[in-house]
Amino acid sequence: MKQVSIDPITRIEGHLKIELDIDSGLVKSAQSSGTLFRGLEEMLRGRDPRDAQRITQRVCGVCPAAHAIASAQALDDTFGIQRKIPPNGRLERNLMLGGNFIHSHVLHFYHLSALDYLNPHDLEGLELEDVKIRDLQSYLKSSDGAPFTPEYSGDYRLGNGISAALAGDYLEALDVRKKAHQMVSIFGGKMPHNMGTVAGGTTRKPDIDSITKFTSRLEEIKEFVEDRYIPGVIEVARTYDDYFEMGKGVPNFIEYGGFYLKEFGGSHSSTSKGLKGGVVSEDGNSVREVDLSRITEVIEHSWYGDEARGHPTETKTTPAVNKEGGYSWVKAPRYKGKPHEVGPAARMKINYLKGNDLVERELGNAMKEAGVELDQLNSVMGRHLCRAVECKCIVSMMEGWVEKLEPGEPSCANYEVPEEGKGVGLASAPRGTLGHWIKIENSRISNYQLVVPTTWNASPRDEQGTPGPMEQALIGTEIDDPDNPLEAARIVRSFDPCMACAVH
Amino acid sequence: MTKKSEVHPVVWLQGAACTGCTISLMNSPYPKLKNLLLDELVPGESLGLKFMATLMGGTGELALEVLERTKSGKNFVLVVDGAVPTGEEGRFCTVGEETFADQVVRLAQASIVVVNIGTCSSYGGISSGHPNLTDCISVSEQLNQRGISTPTVNVPGCPPEPSWFVDTLARIIISGIPSDDELDSVGRLKEVYGTLVHDSCPRRGDFTTGKYARNIGDEGCLVELGCKGPYTNSPCPDRGWHEGLNWPIKNNHPCIGCTEPGFPDLMSPFYEKFGMEEAEEMYRRLK
């Protein structure tokens with residue numbers, strides 16, 4: 001038995017350690033540890049509820065717009081103003097979140113994941129210098145290659161041609177994700193941590209100037225996503241097609257749904273959404289509705305006291321750094337007692353099965369081109385493919401939302417902060433499904449709990465000893481060289497972990 | 001352009017942070033991130049980004065070896081985002097087998113200068129917000145407590161707009177570590193942070209004539225909605241964000257004072273106007 005510790009896992013958000021027990025080349029056991037705790041939930045207690053949109057965004061610099069919206073919807077719910085959000089406010093929230101998705105997905109494939117498949121040394125061997133990557137080639141020749149190298153040795157298969165194209169897209173994608181952030185800032189003031197999403201709607205009424213600036217960027221991004229991102233992922237996926245069989249996690253997927261298409265429909269599940277919610281379990285391909293009361297956070301192996309165990313409406317996050325059996329700052333959310341994977345693979349599969357036309361078409365085409373079936377999406381390449389497909393679907397929906405904006409019409413409803421109340425805000429976030437639960441007493445926050453996408457995916461074992469989704473995806477993996485655990489790194493990164501989110 | 005010029009090695013460490021500072025730097029219009037990685041920053045000088053967990057190729061041990069190699073060269077600039085959790089002997093944040101509280105001290109000791117990007121590393125920021133369960137402190141405070149005298153420069157903001165950081169770094173590379181005269185009382189370059197938001201706010205005229213916004217989305221000065229522009233130094237009004245595309249007050253949202261040592265506790269509730277006493281206290285701090 002060989003024990004391997006990978007710490008830090010780089011090219012993700014935040015602080016993650018992975019420990020593996022490898023026997024005869026196979027991963028027998030895996031532990032995922034979040035190694036940073038900040039305590040934002042306890043920080044929210046006692047504060048003005050309206051400050052939650054500003055503070056919860058600081059959970060994550062990569063997906064702040066998702067926290068802003070979950071938090072704003074939790075307040076809309078608490079203040080009883082969900083039905084008063086003007087159409088412009090709803091649309092601008094969708095557009096900001098959409099921009100955040102594009103930035104995050106593009107960042108993940110090119111700047112966080114590509115170096116798992118693309119070996120920079122393959123670029124040095126190219127005789128004909130591609131004009132797009134000439135700078136990069138000459139940099140690699142004249143320097144020690146940092147920060148792109150050193151890299152794990154192992155099986156890199158793309159070869160010169162595809163590597164050059166992917167490296168060129170890596171550089172161009174730097175501008176694409178930046179444009180996506182500019183789109184968020186058109187209605188959000190700035191990014192990261194926008195100043196446009198508030199309870200009641202958004203702060204800036206759309207006008208001709210914001211609409212034209214938004215539309216032109218969206219068109220450029222659309223071109224990149226359709227012509228480069230989707231084909232690029234399919235090319236990599238075909239070259240590494242065995243990774244459609246690797247990194248299979250838990251059989252359960254969950255998503256609350258996000259992007260309101262119409263005004264609030266009386267309950268979360270009755271509201272019409274661009275990305276639908278649901279639960280898919282072991283039993284196969286039937287989708288059930290999510291019952292929020294069945295979510296619990298388990299803390300058997302997390303460094304928290306007993307007050308942190310239970311449904312997010314009733315828990316308190318108390319750190320217990322010396323706890324016996326603890327190995328992570330991530331809690332372990334479970335739905336009906338079981339670990340569930342969240343993220344684009346979960347969301348795309350659920351939407352495909354629920355007959356979301358757009359997803360059915362786009363995912364169908366992508367699966368055909370990649371030569372895979374629906375049950376292969378629960379894998380390393382399945383996650384990458386679904387992320388790209390989701391990006392394309394969101395771009396397409398955003399075109400419709402920009403068109404519906406009504407220049408000069410209001411984007412925000414007025415409200416009074418009540419003395420008491422409670423509410424929940426649910427959103428789709430780039431890495432999966434996101435929930436904020438708030439309680440107010442004396443017009444101040446008396447409890448605030450977040451269950452965040454990577455909390456689900458990177459969760460440690462529960463009280464039954466059942467490993468979390470990422471841990472299960474690692475167990476059973478063949479590792480060619482334990483000193484260069486490239487396969488494990490590829491599996492972990494396919495989840496796009498965000499540890500600042502997971503722990504918060 | 002090839003890096004034939006002098007290369008200044010850079011190590012980027014992350015403590016109690018959200019990665020917002022990294023992402024903000026990636027938004028830099030010019031120099032773009034590509035320029036920062038591959039090209040010269042100013043004629044004859046370029047950066048050599050050796051260690052940055054968010055973007056680097058190496059993982060685990062392989063990454064930490066780069067860190068130690070660069071450290072032994074003793075000629076690098078240390079950039080830190082995130083505050084330093086000091087509670088429970090630093091165990092709220094660990095990297096490899098080391099606490100971040102120890103790691104940052106070790107690296108700072110070997111570096112030429114420490115540049116704190118963001119309000120967390122500069123002053124504690126969000127990570128140190130009440131009740132501060134992890135006892136987060138700023139990098140400078142941690143270095144003081146451990147008796148490390150490496151000079152530090154702060155680039156606060158939650159996150160800072162990328163040019164604030166790039167300008168500070170370029171300034172250090174061109175003409176060395178800033179003198180005390182060039183920094184304000186809280187360690188920021190005066191050249192970048194020299195102006196009060198309120199003084200260069202385009203809505204200053206509304207303040208003067210008494211045209212105040214009463215609800216979110218209204219035109220007019222935002223002080224009645226809790227704007228902290230009168231107590232906040234930042235180049236937001238002059239430079240804007242994303243190549244001047246927008247910025248919070250232009251977006252009808254009050255400033256929340258994210259570049260100041262008082263963020264978030266002294267600047268909140270964000271949507272309430274300071275009383276006379278709080279206002280006077282803030283002005284005292286600004287001196």
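**Strands, helices and a chain contact in a predicted model**

Biologist: In which sense do strand E8 and strand E10 of chain B pair?

Modeller: In this predicted model, strand E8 of chain B covers residues 113-117, and its pairing with E10(B) runs over 4 bridges. Within that pairing, Val114(B) stands opposite Thr152(B) of E10(B). The sense in which E8(B) and E10(B) pair is parallel.

Biologist: Which strands of chain B stand at the edges of the open sheet?

Modeller: The open sheet in chain B has 6 strands with mixed pairing, in the order E2-E3-E1-E4-E8-E10. A strand at the edge has a single partner strand, so one side of it is left without a neighbour in the sheet. From one strand to the next, the twist averages 30°. The strands at the edges are E2 (40-42) and E10 (152-155) of chain B.

Biologist: Which strands of chain B does helix H4 lie across?

Modeller: Helix H3 of chain B, residues 60-73, lies across E1 (6-14) and E3 (45-52) of that chain, running at about 135° to E3(B). Helix H4 of chain B, residues 100-110, runs at about 165° to E1(B). The strands that H4(B) lies across are E1, E4 and E8 of chain B.

Biologist: Are the residues Ile295, Glu297, Thr296 and Val298 of strand E11 of chain A buried or exposed?

Modeller: Strand E11 of chain A has Ile295(A) and Glu297(A) on one side, with Thr296(A) and Val298(A) on the other, and both of its faces are covered. E11(A) also pairs in the antiparallel sense with strand E12 of chain A, residues 332-335, over 4 bridges, and there the bridge partner of Glu297(A) is Pro333(A). As for Ile295(A), Glu297(A), Thr296(A) and Val298(A), they are all buried.

Biologist: How are helices H7 and H8 of chain A directed relative to each other?

Modeller: The axes of H7(A) and H8(A), the latter being residues 208-239, come within 9 Å and cross at roughly 150°, in a left-handed crossing. Residues making the contact include Leu166(A) of H7(A) and Phe214(A) of H8(A). Angles over 145 degrees count as roughly antiparallel. H7(A) and H8(A) are therefore roughly antiparallel.

Biologist: Which element gives the most residues to the side of chain A that touches chain B?

Modeller: Where the chains meet, 70 residues of chain A are in contact with 67 residues of chain B. The elements giving two or more residues to this side of chain A are the helices H1, H2, H6 and H7 of chain A. The residues on that side divide into 31 nonpolar, 21 polar and 18 charged. The element that gives the most, with 8 residues, is H7(A).

Terms used:
Residues are numbered from 1 along each chain as its sequence is written. Chains are lettered from A and ligands numbered from 1 in the order in which they are written. This is a predicted model: local features need pLDDT of at least 70, side-chain atom pairs count only at pLDDT 80 or more; totals for chains, interfaces and linings use all residues. Two strands pair if DSSP finds at least two bridges between them. Axes are lines fitted to C-alpha atoms, for helices over the stretch in contact, and angles run from 0 to 180 degrees between N-to-C directions. Two residues are in contact if their C-beta atoms, placed from the backbone, lie within 7 Å. A residue is buried if 20 or more other C-beta atoms lie within 10 Å of its own, exposed if 12 or fewer, and partly exposed in between; C-beta atoms are placed from the backbone. Ala, Val, Leu, Ile, Met, Phe, Trp, Tyr, Cys and Pro count as nonpolar, Asp, Glu, Lys and Arg as charged, and the others, Gly among them, as polar. Angles under 35 degrees count as roughly parallel, over 145 as roughly antiparallel, 65 to 115 as roughly perpendicular and the rest as oblique. A crossing is left-handed if the near helix is turned anticlockwise from the far one by less than a right angle, and right-handed if clockwise.
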